[in-house]
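Hi,

Here is the structure I promised to pass on. Have a look at it first, and my notes follow below.

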Amino acid sequence: MQVFFEGGADYAAPMRIDLTGKHALVTGGSRGIGAASALLLANAGADLSLIYHNHHEAAGRVVEEIRRTGVQAVAVAADLSTSEGAGNAVERAEAALGPIQIAVCNAGIWKRAPLDEMTEQQWQETIDANLKSVFLTCRAVVLSMKPRGQGNLILISSTAAQRGEAEYSHYAASKGGVVALTKSLASELGPFGIRVNAVAPGWVETDMTRAVFADREQRKAILDSTPLQRIAQPEDIAGPVLFLASSLACHVQGEILNVNGGSVMCG
């Protein structure tokens with residue numbers, strides 16, 4: 001039984017998240033948090049557009065896994081840091097699967113650069129990948145969401161936005177921008193029926209962080225600073241993404257949902 005409807009949830013009925021008939025777009029969807037989120041959304045019934053940049057084979061594998069759940073899925077290669085790239089990606093996704101109801105803006109990079117060594121090119125690369133791409137993707141999907149009077153944007157930020165991160169100031173700044181963008185768009189787009197929220201993960205075991213966790217001392221230090229005493233897997237972040245994508249979160253707007261095992265308690 002489907003228990004959710006546009007105005008909210010029927011809390012007297014047995015709970016089940018059902019996104020059947022929804023079209024969800026996930027950026028950075030070939031690996032890590034993006035792939036896990038796409039798979040969880042698909043398992044809830046959503047059709048998926050997977051946007052990726054370079055990892056063609058990985059994106060293809062995720063799409064095949066999604067299709068095995070019985071939903072439709074397409075992979076679209078795009079450079080989301082350009083207006084043309086983001087616009088074309090959204091246009092191709094909607095041409096394949098129809099209007100986008102849910103957009104998860106997850107694409108990003110994380111590269112070490114101490115301030116006194118950081119070049120302008122390194123700074124701009126991170127800002128473009130982590131913040132500009134989110135702005136351009138949101139703008140592109142809202143062009144069709146706004147006239148329909150409904151939509152759901154879920155942006156991926158980071159604990160680095162809240163506490164800073166030594167030797168990754170460009171990354172922290174970009175993710176801080178995502179927090180500010182989330183709150184601004186939530187205020188602007190709420191009257192048009194568009195929900196906008198963010199998930200802020202802490203340390204997550206992905207390809208990007210593999211080298212950090214391979215170092216025993218660094219791994220121990222991270223575990224010691226995390227009250228739950230474990231390092232998150234991508235699926236641990238995908239669950240909160242699914243919650244925000246569902247009608248269970250129908251009255252959640254402008255929220256930064258911290259998913260960090262208690263390492264940063266700022267809610």
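Helices α3 and α4 cross in the right-handed sense (the near helix is turned clockwise from the far one by less than a right angle). Their axes, lines fitted to C-alpha atoms over the stretch in contact, come within 7 Å and cross at roughly 45°. That makes α3 oblique to α4, as the angle isn't under 35 degrees (roughly parallel), over 145 (roughly antiparallel) or 65 to 115 (roughly perpendicular). On the α3 side, Ser83, Ala86, Gly87, Val90 and Glu94 meet α4 residues including Leu136, Ala140 and Arg148, with contact meaning heavy atoms within 4.5 Å.

A word on the source: this is a predicted model, where local features need pLDDT of at least 70, side-chain atom pairs need 80 or more, and totals for chains, interfaces and linings use all residues. Numbering starts from 1 along each chain as its sequence is written, and side-chain values use heavy atoms, without hydrogens or water.

Helices (H or I, at least four residues) and strands (E, at least two) are DSSP runs numbered from the N terminus. Now for β7 (residues 151-156): six of its six residues are buried, so the strand is largely enclosed by the rest of the structure. Buried here is under 20% relative accessible area with a 1.4 Å probe, protein chains only. Gly151, Leu153 and Leu155 point one way, and Asn152, Ile154 and Ile156 the other.

β7 runs parallel to β6, joined by four bridges (pairing takes at least two DSSP bridges), and Cys105 stands opposite Leu155. With β8, β7 pairs in parallel over six bridges, and there Leu153 faces Val196.

Cheers

Definitions and conventions:
Buried means under 20% relative accessible area, exposed over 50%, partly exposed in between (1.4 Å probe, protein chains only). Axes are lines fitted to C-alpha atoms, for helices over the stretch in contact, and angles run from 0 to 180 degrees between N-to-C directions.
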